[in-house]
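Work through the exercises below with the model open. Try each task before reading its solution.

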Amino acid sequence: MLVPWALVVLVPLVWILASSLKTNEEIYNDPFGLPGELRLGVYVDAWQQANIGAFFTNTVIVVSGGVVLTMLLSVMTAYVMARYPFPGSRVLYWLYLAGMTFPVFLAIVPLVRIVQGLGLFATNLGLVLVYAAFSLPFSIFFLTGFFRTLPKELAEAAFLDGAGHFGVFFRIMLPLARPGLISIGVFNVLGQWNQFLLPQVLNPQQDEERSNFVLSQGLAALALGENYETSPTSMAQLFAGLIISMLPVLIVYVLFQRQVQEGLSAGALK
């Protein structure tokens with residue numbers, strides 16, 4: 001069962017990699033063949049001429065800000081929800097859960113009005129805030145359940161030793177919650193890195209070079225074929241851009257896959 005699944009995943013990746021090293025003529029005439037020579041310069045052309053470098057930089061800035069803000073807010077909210085019940089906490093928790101079921105398409109028009117009203121339309125900060133807002137419900141849901149699995153005895157022992165609430169949170173609970181934090185962090189990186197609808201609506205083109213675009217927007221613009229056949233390797237530049245966009249998320253998952261598995265199974269095992 002795993003062999004066919006591995007082929008389904010790997011064959012398209014290998015095809016994209018091979019296509020990124022071809023000329024336009026080779027891609028059209030022999031789409032499934034190997035490149036005639038190793039043209040690593042295509043990646044340089046994609047980074048500079050196709051403006052992939054600017055798209056990549058914008059994506060890194062937006063995703064880094066969105067993930068950091070999401071983690072900061074969700075971890076504190078989830079800890080309070082799990083450890084300090086207060087009147088209305090259950091209602092608030094279910095409201096967060098309801099946010100997971102709310103289709104983003106229904107929020108597009110009011111979202112645009114709000115972002116425009118804040119003066120953040122077509123800005124990286126506007127995307128950061130919106131990314132964090134849409135990532136919070138699942139992050140809070142996941143981390144609340146994870147914090148509930150952690151032993152209360154450790155926190156009680158820390159209180160007896162004179163630690164305050166902040167000390168217990170930062171010195172005891174956060175280190176124990178590391179697998180869960182890594183898991184939800186990876187999920188947020190993947191989700192925000194691949195986001196397309198929100199930047200497409202909230203980050204329209206501002207100049208001829210599309211210098212404000214993130215990767216998903218930039219690659220889509222290249223695929224639409226506007227001024228596309230500008231060089232013998234312009235098709236390969238699109239495939240090179242796809243490889244560049246995939247590498248960061250693949251690296252993140254490969255580095256943290258064990259922690260992700262531990263975080264997903266911790267609640268069930270405890």
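**Exercise 1.** Classify the packing of helix α4 (residues 52-83) against helix α12 (residues 215-223).

*Solution.* Start with the axes: those of α4 and α12 come within 8 Å and cross at roughly 150°. Because angles over 145 degrees count as roughly antiparallel, α4 is roughly antiparallel to α12. Axes here are lines fitted to C-alpha atoms, for helices over the stretch in contact, and angles run from 0 to 180 degrees between N-to-C directions. Next, list the contacts (heavy atoms within 4.5 Å). Ile-52, Phe-55, Phe-56 and Thr-59 of α4 meet Leu-215, Gly-218, Leu-219 and Leu-222 of α12. Finally, sort by class: six nonpolar, two polar and no charged.

This is a predicted model: local features need pLDDT of at least 70, side-chain atom pairs count only at pLDDT 80 or more, and totals for chains, interfaces and linings use all residues. Residues are numbered from 1 along each chain as its sequence is written, and side-chain values use heavy atoms, leaving out hydrogens and water.

**Exercise 2.** Repeat for α4 and helix α9 (residues 165-176).

*Solution.* The axes lie 12 Å apart, at an angle of about 95°. The two helices are therefore roughly perpendicular (65 to 115 degrees). From α4 come Val-75, Met-76, Tyr-79 and Arg-83; from α9, Val-168, Phe-169, Met-173 and Leu-174. The tally is seven nonpolar, no polar and one charged.

**Exercise 3.** Check the span of helix α10 (residues 178-193).

*Solution.* The expected span is 1.5 Å times one less than the number of residues. For 16 residues, that gives 22 Å. The end C-alpha atoms of α10 are 22 Å apart, which agrees.

Methods: Helices (H or I, at least four residues) and strands (E, at least two) are DSSP runs, numbered from the N terminus. Angles under 35 degrees count as roughly parallel, over 145 as roughly antiparallel, 65 to 115 as roughly perpendicular and the rest as oblique. Ala, Val, Leu, Ile, Met, Phe, Trp, Tyr, Cys and Pro count as nonpolar, Asp, Glu, Lys and Arg as charged, and the others, Gly among them, as polar.
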